[in-house]
Amino acid sequence: MGNLAQERAARALRRHAPEWAGARIRELGRGLDHVVLVAGDLVLRVADRPGVVREARLLEIVAPRVPLPVPRPRFADAAAGVLAYRLLPGRPLLGRAAAPGTAARLGRFLRALHAVDVAAVAGLVPVDDADPGEWLADLDGPPELLRVVHASVPKPSGRRVLAHADLGAEHLLDDGGGVTGVIDWSDAAVTDPALDFARLYRDFGPGFLAEALRVYGGLDDDALPRITFFARCAALEDLAYGQASGRTGYAEAALRSITWLFPR
């Protein structure tokens, strides 16, 4: 998708930001279904699927309601599949330790995000049942770890909130002193709030999770089994993805998280 993504980004720049039309476009990163490019200080997120206009509208709703920066759309080009926003400072926390106070800041962030009226985002994000049993489909990993996951499937929750739903270290920007941005909202959904704590648990451990939950407050008493289950599934997914794609940072982070997610 590399060259095609650059062509789509260049086309969108000419239409919406001609002052950047001559800027060099370089790749900043990529995910399963998108490529992230940068031209000057403008990030250009080029997606394989439609929905950049919906994501831009979602970000406009979320940004003034949460206490951490999120991308502020400059433009969204549905035809090219390009969402553009100003480059946020910092770099992803994947493979790095979080600064002191990060857990509390994310607890406050999630409290505000989950308080957004779901009616305000109707039609912009899907409603996801987050049925734990469905997470077992195609899940791969070491047999002894899969046995633990299959033996600990919790009951689904009936609570639904607006969630980022992919709140892992790779989507948290940090400049060394704290979180400077929460990026990649393409998986946002109205779903179980436990999903937003699961990847924090996976990436930063039990002490971090406990502090985030303490500051957040108000999560139901049976949420921890769901958080743990989703965190274990996410760790195995990242392990498989890192090993298959050669992106060793994901595999190394997953192996670290297994030490606290699957204690012997």
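Two residues are in contact here when heavy atoms of each lie within 4.5 Å. Keep in mind that this is a predicted model.

Let's start with Arg45, which sits in strand S3 (residues 42–47). Is Arg45 buried or exposed? Its relative accessibility is 4%, so Arg45 counts as buried, given that the cut-off for buried is under 20%. Leaving aside residues up to four places away in sequence, Arg45 touches His34, Val35, Val36, Glu55, Gly81, Val82, Leu83, Asp184 and Ser186. The Arg45 side chain also makes polar contacts with the side chains of Glu55 and Ser186:

| Side chain | Partner side chain | Polar contact distance |
|---|---|---|
| Arg45 | Glu55 | 3.2 Å |
| Arg45 | Ser186 | 3.0 Å |

**A three-stranded sheet**

Now for the strands. S6, S8 and S9 line up in that order as an open, antiparallel sheet of 3 strands. Strand S6 (91–92) and strand S9 (179–182) are the edges, each pairing on one side only. Strand S8 (residues 172–174) pairs with S9 over 3 bridges, in the antiparallel sense. Leu173 faces Gly181 of S9.

**Helix H3**

Helix H3 (residues 102–114) has 13 residues, and at 1.5 Å a residue it should span 18 Å; its end C-alpha atoms are 18 Å apart, so the two agree. Several H3 residues are buried, among them Leu106, Phe109, Leu110 and Leu113. What do the buried residues of H3 pack against? Their partners are helix H2 (52–62), strand S7 (161–163), S8, S9, helix H5 (194–204) and helix H6 (206–216).

Technical notes:
Residues are numbered from 1 along each chain as its sequence is written. This is a predicted model: local features need pLDDT of at least 70, side-chain atom pairs count only at pLDDT 80 or more; totals for chains, interfaces and linings use all residues. Side-chain values use heavy atoms; hydrogens and water are left out. Two strands pair if DSSP finds at least two bridges between them. Helices (H or I, at least four residues) and strands (E, at least two) are DSSP runs, numbered from the N terminus. Buried means under 20% relative accessible area, exposed over 50%, partly exposed in between (1.4 Å probe, protein chains only). A polar contact is a pair of N or O atoms within 3.5 Å; within protein, one must be able to donate a hydrogen and the other to accept it, and residues adjacent in sequence count only if both atoms are side-chain atoms. The expected span of a helix is 1.5 Å times one less than its number of residues.
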